[in-house]
Structures are given as structure tokens and as C-alpha cells.
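Have the viewer open while you read.

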Amino acid sequence: MENAHCKSYSNAPSDNTTQKSTSNKVVTSKYTFYSFLPRNLYEQFSRLANVYFLLISCLQLFTSLSPTSKWSTGGPFILILVLNMIREIWEDSKRHKADEEVNNRLVEVIRENGSTESIPWKSVTLGDIVWVKCNHEFPADVVLLSSTGDQGMCYIDTCNLDGETNLKIRNSLAFTASLNDPLKISQLKGYFEYEAPNNRLYTFNGRYVRPAAEDVPVDNENILLRGATLRNTQSIFGQVVYTGAQSKIMMNSQKGRVKISNIEHTVNRLLLGILLFELIVVSAATIGMASWVSSNREAWYLPYVKTQTTANNFEGWITFLLLMNNYVPISLYISMELAKTVQGQQMNWDIEMYHEETDTPALTRTTNLNEELGQIQYIFSDKTGTLTQNVMEFRKCFINTTSYGFGTTEIGIAAAARGTNIQVDQDPTATEAERDKDPNKAQFHRDPKIAFDDIRLLQRHREGGSEGEFINDFMRVLSVCHTVVPEGDLTDPSKILYQAESPDEGALSGFAKALGWFFCGRTSTHTTVDVHGKKEQFEILNVNKFNSARKRMSVVCRTPEGKIMLYCKGADNVMLERIAPNQSQRAPMESALTHYANEGLRTLVLGKKEIPESAWVEWNKVHHAASTALVDRDGALERAAEDIEKEMIIVGATAIEDKLQVGVPDAIATLAQGGIKIWVLTGDKQETAENIGFACRLLRDDMEINYINGSSDDEIKRQLDHILQRNDSYVGKETEHLALIVDGKSLLVLMEESELSQKLLTVAKMCKAVIACRVSPNQKREIVTLVRRGVQPEPMTLSIGDGANDVPMIMEAHVGVGISGNEGLQAVRSADYAIAQFRYLKRLMLIHGRNNYRRVAEVVLYSFYKNMTLVTSLFLYNIYNGWSGTAIYASIILICFNVAYTFLPIIFYGFLERDVNDTTALKNPQLYIPGQRREGFNATVMLTWMLNAIVHCIFVFFLPTAAFAATGMVDLGVYGTTVMHSLVIAVNFRLFLEENYISWISHLVIFVSVALFYFVVGVASNMPLSLTLFDVNLFYGVGKMTFEEVLFYMATLLTIVVANSIDVASLYIARNFFPTPTHIIQERERGYGRNFYNTGDDSGMENEERSVILANAGSPR
Amino acid sequence: MDTAFKQQRLRAWQPILTPKWVISSFFAVGVAFIGIAIGILGASNQVQELSLQYDAKCENHFMSWNASSYSECILNFTLPSNDKWATSEVYVYYELSNFYQNHRQAPFLQLNPFDSDAFGFADKFQDPQDASKELYMYPCGLVNGPCHLLQPLITSRRPCPTNPSGIAWKSDVDKKYIAPIKDASGLPNQGSFFCWHNVSDEDFIVWMRVAALPRFKKLYRKIPANKLKPGATYSLIIQNRFPVKDFGGTKTFVLSTTSWIGGKNNFLGIAYIVVGIICVALAIIFLVKHLISPRILGDPRYLNWK
């Protein structure tokens, strides 16, 4: 055993203190009182822009080079830092409260003398023996020593840990199971030796070392994790093995990588670009200064000019830098953050994304990626639980040579309609009488949730004979070979509840119960089945657990007849490899399996094997050794299981239906119309996957479906080349009529060779739909990576899934979406957004994503625009002040630009703007395409806005200047205030022109912003003269004189009309002469253009419906 | 949960730039602007203005720093024969050009009557008459130079008040420039200094309002109505104390009446009329385009996503 292990001594606190362990106090909050300031500042200053503003503030404060007030950057900067801190405190205070509550919960611990003591959770230490009562959570990770339950067993629920709501069984260590009172337990001597803390929730490797006896293995069956709750058991004693931060739940909550949105990356680059631009402008101004000085040496009233030296030029450079530091928009990040915070709330609030049955609203786990939701080009979707409900219903089974169960699924009906050889009513061999289809006769304990209505099964069992034997074996496997925990009244089949780890297991044992093989009890060694009223006891000898690599589980048990049997169930491909050769049932079963798959049913194959006593004894040694191994225990157990799970006899096959979720076909069809490629990645067989594809309208009849399922390089290459040859005219384009189905086995080969994987991408890019079947979790991730790396330019990807097996792909994609469904919380925990149903994805992307993309892009563009306009006017004024850096605006008027007159409207725009209504966005999915093409935010758009800023600034600056110059009466205060007035109205009106959804709130914030300008001017010019903060005193009296000046109004009116007319004219020309489809749909939504296609037959149609038709008519085929 | 705000269902105005809207707005704005322009031009034309540039005639090459040393010159001019000169109040301005009062390094900008440093001795410069001497200016550095030294006086029949009053901002006179200033005895005893002590003098206060552009007028006096006679000849006696030729500036003396838009302002009227005409022209262009080849709103032929 390596060094990386821990020890936990029983009833020996002094020994435990020598062990490395952490306090059991758990801190999930980000800050403490003392760490808040340094940590928050550190985080804020890891943003380059903030470092820049800090530098500028310091230069302004500690030198006399600033042309504006010493606080003109520092003031707003501190305000913005404080705003961010308030936001953080608000978020962290919730976590503090929760921590406080948890750390002070009480738990009883047993002291060495056998007394008990109640202590808060935070004081629990390594090696403590805790006494936990029913319905209480475990304060740390503990090993179960004994319980009041049967044979030291206890039930737990791990809902808080992994979201699984089913009860699970944990067993006491055999030798401690009898120590069930404090006094006895305090006598225990020895220690646990086990692996170092880790984040694996489902494994534990360790042993108990006893002073004078054999070591006892300890594994996951004995572990009670912090976060889990004790259920159905009065109390337990357990010894603490991991505390606090070392506990598995805490080890698991470490954050994954922080995803940063594409726009934010671009913004960071843009900031560098604008900084460069600023430095160029600053340098140009410095050159202007130097040349002005050299040609105005004779200005005797400027002593400075006479003595100006080269060194002064550097000072001048700093002066200009301080003057024009606001090219970098100081309020950009805070505007983006505030807008995105509300956007996140809007998604959480959306009642249309609220699932009433499960009481689950959408959950925004990060707001970083809100706008990415509006740019997705590829969706990678899991199938089970994501496209389907993950509610399993037993439909059919195959026993001996007969397939039992009538009817077919929606998928089967769809497949039959396409002309495949599916018989809707299966098994024509059944006689008319046998097709009675009465579930009351077909089932022994009628379960209304099970529709199974084939009466032949029970009939033939009663008839006995070899068929009866087969049926009995089949039901035995179903009722014994599982890990289900029964809960409730164990004597009444209608009141019992099966707690299963997977919905499939629940469905199988539920079916067995309905047919009269009533699994009614489990102890640590025995399973009891009530077969039509007669109790049968199976001694469970070994369990070989299920995992996603093995795809099977088996149980070794001693039957009531005394034989040792292996019962096994698993995926058909792994099972068929492990059955004994030459069985006559094999061929008919395989054809039944294909049939089931065509109907979209999930299939399992059941097998059995009798093991001679001596062989079992031999094997059990191997198994025992494996189960006590401290190194690679799982591998050893797998190898042991492999030894025995072979040469099995076929017992039968099951077919379970997992129904499609409501609205999935519609959502997929709509998203596909929006130009989004949807890849379904599933563990199912090719046939199942294909039929699911048809059922959810991912595949259509008019599509040519291509398969890649070879297992060798050459074969795959041939298949790929074949597809390429046949469709060479489509290479590089996407076509509606091609679809691709790739097999996991082929993917293994494909991923190895870059040439092949590139070819696969070429093919996949042509295809409208791609399905990958039989893929493992890691392959799912690799597929996402392949698309991200292989397609140029890198497309935006989204992964959606519900289970732990989807976590890798959720983490890998740009945006991860979790379905908060039946398979626990693992996917949700690692996702960026969580929704309850797949169909909400439509709304999440087409409405919220699309809007958020437009909004965030606009917030960024407008923030740069308004500062560009502002600062360029500061630059231009140097023409008239001898390139000396004098600010055109009084400091107080300038400072408030970003934090008062233009602060709110863009933030509100950032969550209120909407160019088309929700229904229109849903009915015209093509509206999503501009986002994918990044039409809202790219170099052209940015440059257009910058040009807009320069044009605005030229008019805003020169028109009032000329108006004042014409009279010659130009007081700097009045003049600067007038220019600022024009600027404030022009930029606010510019935003108003961008708004498509103007509610009273939008009116109000623009009104308030402009009013703030008058307010600031009025207040600042009446402050006491002794107040020098922000140089307010220099502004004294200016307000009154400005408001009395006719030119103030006349110049502003002229300026804003000129500046904003340019906007109106160019927006109008763009719409009228070069309309985009978005323009047209917007117009149609507002009721224009209805008379097109008004040919009578669609006259009764709703306006929106018609626009769908039109949009489809225009979309490329 | 289900509120209009949270569900983004607020009632809202969702305007579109339709031809009707845009064309009529441009037309309306254009017509309004032409109307305003006519008003402005009318008012501006009513304003009588007389500018007399005198720096060439009264050239001097030195600066004088005390009250008695200056060169004097007399400028004769005839008032045009327009009744306005008699019927309205006439404003007297002095105008400087190429003079950067707004230069950041000029002392004007940071001045604060309560800030003794700014009022103090920051500005030290060589006496132009004696290079070995350094002068300290008080109370506000160099600012006083041009202000104090520029003393144009209209002498003939003395229609112009000698005392400056009512020419500065009321807030400046009432609040800003009444501050007690440091006693002259507290001045540093180094070099000689020039003291402009009368801070509350309105000429000084007017000068202290920094001009935003290098060519600027400052109000000097107001002549009440009925004091001037149109067509009469007046003499302007100028105490000439500082040169402008060195830095390429000019000195001008301006008499002007006013109207509701202030002084004469030809730019504003022309700008309004030009903008008005452009707006009407745009309205016509858009209208013609709309009539000849209309782009009908909601035309599905443009629904091409390629």
C-alpha cells in the first residue's frame, strides 16, 4: 500500500490527533470579514481595465498634471468598485447564513468512557464515533459501525449529494454490527486505514485493522457520506473518516473551469485596441502641443511657453493621457454585469420555462454566457432523459421463442408508416382468444401504471411444462438480480415502493411484481420473493455491480432449491458475447431484439448459469481478495466478475419504452430551422437511435441517411469516401437532405487518425442531422472537441444532457445545459443553465439567447461609442486652447457623464430590449441565424459605431463652437456645458433609436438621465464656494448663466437635429434600401405586408402563422 | 412571479422607421428649422454692430506695469446713422484674437479667490523692461496684466460710464469676488511685485471668466439708450499697455446692440436654414424614391437568409 493513506483510530483521540485532518467547519462562502476587501479587490484588479483606471487615478491624484479635478477618474472608479462590492456582498451573505446554520447543527458523539455528548458539527473531529438519528444528515463522512436496523443495515438518501432520490442500503462492518449501544461501541479498539481524500462519490477503499484478528475490508457499502440523510432506520453509530473540506461532497464542489464568453474575450481585445488608439491620440495631441509651443514662443502672457522644454512634453503627454483616459469606457463592465444579472433572473422567472409537475423553474448558474445562448451553431444532445422522459415502462419481453406484449410505440407507428417491416400488432401467432388484451388478466398484482396486457404469459406459466419453467426463470432473474430497495408496506404489493438506482431497474422489478413475482424484502444476505403467495428465499452470495463500461450486472445466489445460480442482465451486445454457444433461442431472440430496437425500445438480455459448489468456493476466494484489495479494487472486482459471467444460458430479453418528452419533435424541428445543427449522442443501438431520430423529427423521410459503422481504418475510409463522392456537389455547404449516423466503435478508430476525423467533419458539416450511437461519456466529449477544434472558424457549441455521463460533454462545450430530471443533479451541477424539459431549450435559445446576444452586443458597442464621442470632443477642443490639454467641460460635469447621464439607459436596454415579440421569434427560427453569423458584434459593426461616434462628435463639438464663436461671447463654463448638453441628448437619443421595445421604463430612464444633467448643472453651480471636491467651486454660478443663455438652447437644438438626423437617415436607408430578413419579419409582425399571399385559403390564418410559411418559403433548400 | 415585468410583457411602443414616419418627420423638422432660421436671421439683422480694430494704429512694443506708464492713442469713428444706436442700450466690448486665455498653463483656469496659493505668487516672470528683475503678480498672477492695462475710453461727450457696473455675472460679484484677501503686508519680501488689489472690480471679474476660444469679446461697459447719436463722430482714447503683435493677435473695439438671440450671430441663422433645407431635400428624395420604386413593408421577397 502506498503512503497516500489515512488512519482513523477508534476511541483513541490522542492517536487521531497525529493524523492529518481538517476541521469539520465548512466554509462555502467566498469571503470572510477580513478577507473581503483584499480578495474582492484582487479579483476586481485582475481585470486589466481596472488596473488601468487605478493607474490613471493615481496619476491624477498624486501629480498636478491633470487638466481636470484630481478625483475625476478616481471618483467614478471608486463608485464602480463599490457597486461591484455591494453586488458581491449581497451574493455572499446568502452563503454565510447557510454555512452558519450547518456548522452549528448538533450531533451526539460517544466518548471513550461510553458517555455521550452533544457537540456542534464544526467540532466533530477525525475518529469520533457519532450517533446519528433518523432523518438527520451525517455531519462528516463516516463508516457505518452498527445500526438499529436489521443486521446492522441502514437506509440513506443521497438527494442532497447527487440528487438521486431513491433509498440506498448501507451495511455495518460485520464484526461491529452488534455493538449497538454507546457503552459497547466505546470498547471498540483498532483503526481504519483507507485512501487519501478524493472526490469519487461511489468508491471507497479501506480496511479495519484489528489488534488480534484478521483485517476487515471496508468499501462504499459501508460509507455514509456527509450530505446524505439517514432514512427508515432509528439510529446508527459510525466513525468519522473524512472531515470538513476533505469530505467527498466538499471535494466535489470544487469549481470547474470558468467559462468566459466569446464577446467578453473580444471585449478584452477591444480594450487593448482602444487603449492603443488612445495612446496614438494622446501622442498626436502631444505633438500638437510641441508644435504649437514652438510657433507661439512670443506669447508673453504664457510664461510656461517660453520655458517649455522636451521634458515638459512628457508631462504634456501625461496630461493628455489623463484628459482622454475615458476612451476606455469605465462603466462597461458594471453595465454588462448588471444587465446580465437581470437577464439571468429573467430566465429564472420565465413562467414558460417553469415545469409545473416537478415544480422546477429554469436555473441560471452563470450569467457569463447569456449571450452565447444566442449564437449556438451546434447542439450536442444526450438522448435518455433529455429527449426522452426517462420514465421507463415495461412493454415487451422475449422468453424461449415467444415475444410477449402487444402494441407498439409511437416510434414504431412512425417507423411502420415509413414502410419498414414493423407489424404494429406483434406476434401473429397469438390466437384471437389470446389477444384478449385485458391487463387485469394479464397481471397478477394489477399495477395501473403498467399497460402490459398479454394474457398468454401467466397462462403459459400456469400450464407449466418447459415454457412454464422458462417463464419462471425469466421472472426470477427480474425479481432477484437487481439492487432495488423496497420501501413502505412490505406485505402489500400495491403499497410497496421500489427505490431503484436506475429507472430501468425499477421498471423491471415493478413488472415482476405485477406478474406475481413480488420482491418483498431484502436483508444484507437474503432476498425474499413472494411468488403468487409462496415466499421464496434467495441467499445472495455475491453481487457484481453495474457500471457503464461493463453494461451488465449479476448476482450469485443460492436458490430455494439449494443450487448456486448466477443471474445476469445486461446490454444485448455484451450479453451475446458471453452466452454459451449453440443455443436454439439465440437466432429468434436476436430478430426480436432488432424488432424491439426498431420500435425505439430499450432492450436487455437476461442470462443464467448454474455454478457447482466447488467452483463457487474457488471463485469466491478470488472475489473476496478483490473486494478487500486496497489498490485497484474496482479493476480486480471487474476481472473477477468477468471470470464468472461467461457461458451463460439465455433466459430471455426485455424491452422497455422510454417515451419522448413532450414537445421534443417540435423543439428539434424549430431549432433545426434556426440553422442549428443537432447531434444526438446516445448509448443506444444504431436502430434505436435511428428510430428515435425519426420520432423526434431530427431525421425525415426525404433525407438520405448515411452510415459509418466500419470497424477498421479501410472500411471507414471507404464509407466516408463513398458519401463524399456521391454528394461532392455539396461539400462545404449544408444540405437539408443528408443525415449521418456514426457508430461508437467507428468513432474509436476515427478519433485516432486526424485525416479520417477531418473527413468525418467534412461529411458531418454537409449533413443536417448527425446521430452518434453507442458512444461512451468520454467519446461524447471527444466529439464536442472534434467539432470545436476541427471546424473553422470555431463554431459555438452547446451540450445538453441530464446524467453523470453527460458531464464531460457539458463541460467541454461553450455552453452546458443540464436537464433537471430523474437522473440526479450531476449534470445540473456542472452545467451553466438548467431547464426541466428539453422543449424549453427552444425558448432559452431562440428568445432569451437571441435577445441577450443582441443586448450584450449593444451594451458593449454603445459603451465604446458614448465614450468615444465624449473623449473625442475633449481632444478636438485642443484646437482652440493651444494644444494645452484644457478640458472643455468642468470636472463635475465631465465626471457625471458615465455615472449619471448615460449610465442607466444602456443597462436597462441590456435587459429590456427586444426587436421582435416572443411568439414571432419562436415561429421564425431563422431570426436566430444573424446571431450565429455574429452579425450583432464584429469588426464591421464596431467600426461603424466608431465612425458614428466620430461623426456625432464632430457635429456635437463644432456646431456649438461655431455658434458661440460667431458672437464672440464665450465663457468656458457656459460653452462647455452647452456642448455637454448637446452630447448628452444626442447619445441618449441615439440609444432611443436603437430601442425596439419602448416601455414606460425605457422612457423613464432616458428622461431621468437627461434630467440628471440639468440636476447636476443646477446643484453643482450652487454648491458653497468652499467646496473644492471635483473642482465644484470653479463651476459656481455657471448653471444660472447657462440656462439664461439663448445659445444654450439654440445650439443644442441645431446639434442634436443634425447628429440624430444622420442616424435616422442611415437607419432608414439601411431598412428601406437594404432590408434584412429581420427587418421584414419585424414589419410583418407589426402588421405590414399582410396583403401579400392574401389569396383566400390562408385568410383565416393568424398573422404569425403566415409569417412562418413565408419564412420557410424563403429559406434555402 | 407572473408579473408583466418579470415575464417581459410590459406594454411597449414598438416603432419602426416607416417611410411615412421618416418622410413626414424630415419634412416637418426641415420646415420648422427654416422657420426658426428666418426668426434668427431677422433678429440678427436688427443687431447693429461696429468693430474697430486698433492694434495697428496704436502699436506698442512694451508692457507697462504701473498705472502711469502707457502710450495713449486716439481713434476717431463715426457711428452709422441707424436709429437703433440711439433707441437701444449699447454694449461696449473689447475683443482680442489669438489670445489663449483658456490655455491650461495660463494662470486663469485654476484661480479660486479662496485659494491663497492660486491668488498668491505662483507667477513669477521677468520684468520685460529690466531682465534682471523678477515680478510677482498679486492677487492673481499675470491675469491682471491685460485686464488692468486695457483701458479703452470713449471720451467725446463721455456717453460711456467710467465705472464698470452691471457688466459681470451677478453670482461672481455677489459671492465669488468678495472674499477677504490676504493683507498686502503678508506678501513675501522677495523681488518686487505688482499688486492688483481691487478684486471686486467688475472689469477684473469679467476678465476672470475664462474665454473658451482664442478670439473673444469681453463686455466692458453698457451705454444706456439715448446716449449715443447715430451719425455722430466719437473719439476713443486708448491707454495702450501691452503688445499683441508678438503673438499675432489683434485688438478690436466693438459697439453692439442686442436682440433675443444676443449679439449679432450670422452663423446660427445660416446653419438653421442649411439644415432645414437638407431635411426637406432628404424628405423629397425619400418621397421620390418611395413613389418611383417603393420598398413595400413586409415584402417577403427579402426573406432570404443566405
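Predicted model: local features only at pLDDT ≥ 70, side-chain atom pairs only at ≥ 80, totals over all residues.

**Chain B in outline**

Let's start with chain B, which has 7 helices and 11 strands. It runs to 306 residues, and 52% of them count as buried. If you take the contacts in chain B between residues at least 6 apart in sequence, 83% join residues at least 24 apart.

**Aromatic rings**

Over all chains, a search of the whole structure turns up 51 aromatic pairs. One of them is A:Phe314 with A:Trp317: the ring centres are 6.4 Å apart and the planes sit at 10°, so this pair is stacked. Both residues belong to helix α10 (residues 310–323) of chain A, and being 3 residues apart there puts about one helical turn between them. How exposed is A:Phe314? Its relative accessible area is 54%, so A:Phe314 counts as exposed. A:Trp317, at 23% relative accessibility, is partly exposed.

Now look at A:Tyr378 and A:Trp679. Their ring centres lie 5.9 Å apart with the planes at 75°, and since planes over 60 degrees apart count as edge-to-face, that is the label for this pair. The pair ties together distant parts of the chain, with A:Tyr378 in strand β15 (residues 378–382) and A:Trp679 in strand β27 (residues 677–681) of chain A, 301 residues apart. A:Tyr378 is buried, with a relative accessible area of 5%, and A:Trp679 is buried at 5% relative accessibility.

There is also a cluster to find: ring pairs link A:Tyr877, A:Tyr880, A:Phe957, A:Phe958, A:Phe964 and A:Tyr975.

**Charges over rings**

| Arginine | Ring | Distance to ring centre |
|---|---|---|
| A:Arg914 | A:Tyr997 | 4.0 Å |
| B:Arg209 | B:Trp169 | 3.9 Å |

In chain A, A:Arg914 lies over the face of A:Tyr997. In chain B, the charged end of B:Arg209 sits over the ring of B:Trp169.

**Cysteines**

How many disulfides does the structure hold? The count over all chains is 0. Take A:Cys397, which is in no disulfide: the nearest cysteine sulfur belongs to A:Cys481 and is 16 Å away. A disulfide needs the two sulfur atoms within 2.5 Å. A:Cys397 is buried, with a relative accessible area of 0%, whereas A:Cys58 is partly exposed at 32%.

**The annotated site**

Last stop: an unreviewed UniProt entry carries the annotation "binding site" for A:Asp382, A:Thr384, A:Asp802 and A:Asp806. These residues are spread over 425 residues of sequence, yet they cluster in space, the largest C-alpha distance being 10.4 Å.

Where in chain A does A:Thr384 sit? You'll find A:Thr384 in the loop between β15 and β16 (388–399), and it is buried, with a relative accessible area of 12%. A:Asp802 is in the loop between β31 (797–801) and α27 (807–812) of chain A. Its relative accessible area is 2%, so A:Asp802 counts as buried too.

Key
Residues numbered from 1 in each chain as written. Chains lettered and ligands numbered in written order. Heavy atoms only, no water. Helix = DSSP H or I, 4+ residues; strand = E, 2+ residues; numbered from the N terminus. Buried < 20%, exposed > 50% of the residue type's maximum accessible area, 1.4 Å probe, protein only. Contact = heavy atoms within 4.5 Å. Phe/Tyr/Trp six-rings, centres within 6.5 Å; stacked < 30°, edge-to-face > 60°. Lys NZ or Arg CZ within 6 Å of the ring centre and 35° of its normal. UniProt positions renumbered as here; feature names shortened; annotations may be inferred.
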